[in-house]
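Have a look at the picture first, and then we'll go through it part by part.

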Amino acid sequence: MDDMMLPSYLAQDPQVRARFAKLKARDVMLSVKGLTKSFKGANGQSETVALKGIDFDTHRREFLCIVGPSGCGKSTLIRILAGLETQNEGQLLVDGKPVKGPGRDRGMVFQGYTLFPWLTVHKNVMFGLQVNGAGRSTAEREAAQWLDLIGLEKFADAYPHQLSGGMKQRVAIARALANQPRVLLMDEPFGALDAQTRARMQAYLLEIWRKIDITIVFITHDLDEAIYLADRILVLKPHPGEVQEMIEVPVPRPRSMAQGITPEFLATKARLEELIHSEHGGADETGEDSYPAIARLVAVDDDVE
Amino acid sequence: MRSSLSPRARLLLGIMSFCLPIMVWAAVSYIPFLWHPQVLITDPGQVDYFQPGMRVGAGVFADELKSARDQHQKLPTGIPANPIYLPAPHEVLMAFYTAFTTPPATAGGPWLHQSLWHSIQVIFWGFVISSAIGVPLGVMCGASLAVSRLAEPFIEFFRYLPAPAFGPLCIAILGIYDGPKVAIIVIGTLFQQVLIIANSTRKLDPALVEAALTLGTKRLQLLWRVVVPGIMADIYRDQRILLGWAWTYLIVAELIGTVSGITWFITQQARYQHFATMYAAIFMIGIIGLGCDLVLAWLGRRLFPWDRSLTGAR
């Protein structure tokens, strides 16, 4: 990539700037202040600090992506946001109210397909409504509307194991949205899908986000995905997990895959790569980037390159 | 190794798995030179202790034949035979019918169908009582670490104690009739049951529980809406295996106190040397057990259409 030719990722054209001004004028939906989380080691003595002093705000109907290298605690962060884990320090407000455990104001879509295998697609979508006290007929009617929205009404009576990976995630999104949460938390939801399905799901998620009043916090390790989807990208750095930068994506909306070669997109990507790769250089301590020298196991003249 | 089989091949292999042992049995029974270690006397000749219908060892018969020939006496004759405890397949097959039509040897004793029914009732109550305690306790052990630590170490210890060892105690407490028999089946099944059900409960994917929590499920709802339905298919499968387990305790249980049920029938037949009938009764236990299991497997596929491990190979 030729950095000389690219504009600064901070440069925004007037239209994009106006959009961000409008976005920031909206209410703060999710507010995180001084969030710190540490885990006890196996021996109960040593503590690993997973997150340290995380601060950020998300506005209503914002699409926020969180990226960072492995070990930066992004999964821990979203689990705390969901209420599945509790922070050691710091404050977490959703729509002005402090978070105490999981609740229906925050829906979550996991990377693994967490549909209930014993329930049909329709009943999976009804689940959240029913546990929150909706009557059977109300739940059935509302779930049917959500199935319509995701285009899976034909599969209402199918069981999850009969669906493809992309379809399962669509149902999982519908199941989370049926509760009408204020915030939709997504933890690498398309990570297990093949490239084509993932691209379709991204476009489809943006379509849903445009149509309904939902704030999305989306974790990914795919930088292209983050730029394509997000209004702003929160970049974390590892050991301990801290906020490195909050990037406002200068790529105009509506987004399309074709924007992947525009200067704004490439400039943003260059900046993200700089942030994520500079932190832990070539080989990090987990050893994931380094590999051992492999002895030659083929004949001398049998070369492939 | 585990490539899938066509339904035809599966049926064929299933039938073969029964046919092969029967073929071995038939070969041993009908081909004279294969085993036949005894001689069934047809004519005693002048050997004074031989009687028609008597079985003697082949060696004894050869000795007597030789000495009769040496003394120019009338020769005994006989045909090679298997010991009385190994009847031929057709005899056992006939016994399947005659066992039900033959009146009990002792007046007022139970007929075969009454004995079988008695045994089935003992199994049923033993298994129902064991499940009524074992399934809820197992689920609680699997769902809660505290309950698991409180209950499981003792149960681990107790399951190594052989159930029949409690026979005299059960008689002392519950009398000599069906009480101690049901109790032995409960003791034999319950402790394994708690541990097996607890393990199945622990295998529930924790991500499903988390997903339910993020949908706003409360603690108590979690048990009924996620944990129980999530493990139901596994528990059903466990119960099928455990029911087989309960059957294997039946004979020992029925020997405790007054011998009853199919065990009484089997010991009676052996006492009168009706071995064909005895085998028929033993096989009936197997047929009833397998029949139950097939019905339960079929029912399981109807009850849990979402469980692929049930709809696939049994």
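Which elements do the buried residues of α8(B) pack against?

## Helix α8 of chain B

Keep in mind that this is a predicted model. To answer the question: the buried residues of α8(B) pack against α2 and β6 of chain A, together with α9 (219–254) of chain B. Helix α8 of chain B covers residues 206–214, and its buried residues are B:L208, B:A211, B:A212, B:L213 and B:T214.

## Where the two chains touch

Next up is the contact between the chains. It takes 21 residues from chain A and 16 residues from chain B. On the chain A side, β6 (106–109) and α3 (121–131) each supply at least two of the residues that touch chain B. What kinds of residues make up that side of chain A? They divide into 11 nonpolar, eight polar and two charged.

## An open sheet in chain A

Let's move on to strands. Four strands of chain A form an open sheet in the order β2-β1-β4-β5, and the pairing is antiparallel. Why is one side of β2 and of β5 (97–98) left without a neighbour in the sheet? These two strands of chain A stand at the edges, each with a single partner strand, so one side of each has no neighbour there. Helix α2 (residues 74–82) of chain A packs on this sheet, where it touches β1 (28–40), β2 and β4 of chain A. The direction of α2 makes about 60° with that of β2(A).

You can trace the pairing strand by strand. Five bridges join β1(A) to β4(A), with A:S31 partnered by A:L93 in β4(A). Two bridges then join strand β4 (residues 89–94) of chain A to β5(A). A:L93 turns up again here, with A:P98 in β5(A) as its bridge partner.

## The build of chain B

Chain B has 12 helices and three strands. Is it spread out or compact? The radius of gyration of chain B is 27 Å, well over the 20 Å that the globule rule gives for 314 residues, so chain B is more spread out than a compact globule. Its C-alpha atoms fill a box of roughly 100 × 55 × 35 Å, taken along the principal axes.

What about the inside of the chain? Buried residues make up 31% of the 314 residues in chain B. If you take the contacts in chain B with a separation of 6 or more, residues 24 or more positions apart account for 69% of them.

A:R61 sits in the loop between β2 (47–59) and β3 (63–67) of chain A. It counts as partly exposed because it has 18 C-beta neighbours inside 10 Å. Over in chain B, B:Q273 is not a glycine either, yet it has a positive phi of about 60°. B:Q273 lies in the loop between α10 (261–271) and α11 (275–303) of chain B, and it counts as exposed because it has 11 C-beta neighbours inside 10 Å.

Then there are cis peptide bonds to find in chain A. The bond from A:H239 to A:P240 is cis, with omega near -10°, and A:P240 is in the loop between β9 (232–237) and β10 (242–248) of chain A. A cis bond also joins A:R253 and A:P254, with omega about -5°. A:P254 lies in the loop between β10 and α8 (263–279) of chain A.

For the complex, the predictor gives an ipTM of 0.84 and a pTM of 0.79. The mean pLDDT of chain B is 89, and 98% of its residues reach 70 or more.

Where in chain B is confidence lowest? That would be helix α12 (residues 308–311) of chain B, at a mean of 60, while confidence in chain B is highest in helix α7 (residues 178–202), at 94. Where pLDDT is low, the predicted coordinates should not be read in detail.

How values were computed
Residues are numbered from 1 along each chain as its sequence is written. Chains are lettered from A and ligands numbered from 1 in the order in which they are written. This is a predicted model: local features need pLDDT of at least 70, side-chain atom pairs count only at pLDDT 80 or more; totals for chains, interfaces and linings use all residues. Two residues are in contact if their C-beta atoms, placed from the backbone, lie within 7 Å. Ala, Val, Leu, Ile, Met, Phe, Trp, Tyr, Cys and Pro count as nonpolar, Asp, Glu, Lys and Arg as charged, and the others, Gly among them, as polar. pLDDT is the predictor's confidence in each residue, from 0 to 100. A residue is buried if 20 or more other C-beta atoms lie within 10 Å of its own, exposed if 12 or fewer, and partly exposed in between; C-beta atoms are placed from the backbone. Two strands pair if DSSP finds at least two bridges between them. Axes are lines fitted to C-alpha atoms, for helices over the stretch in contact, and angles run from 0 to 180 degrees between N-to-C directions. The radius of gyration is taken over C-alpha atoms; the globule rule is 2.2 Å times the number of residues to the power 0.38.
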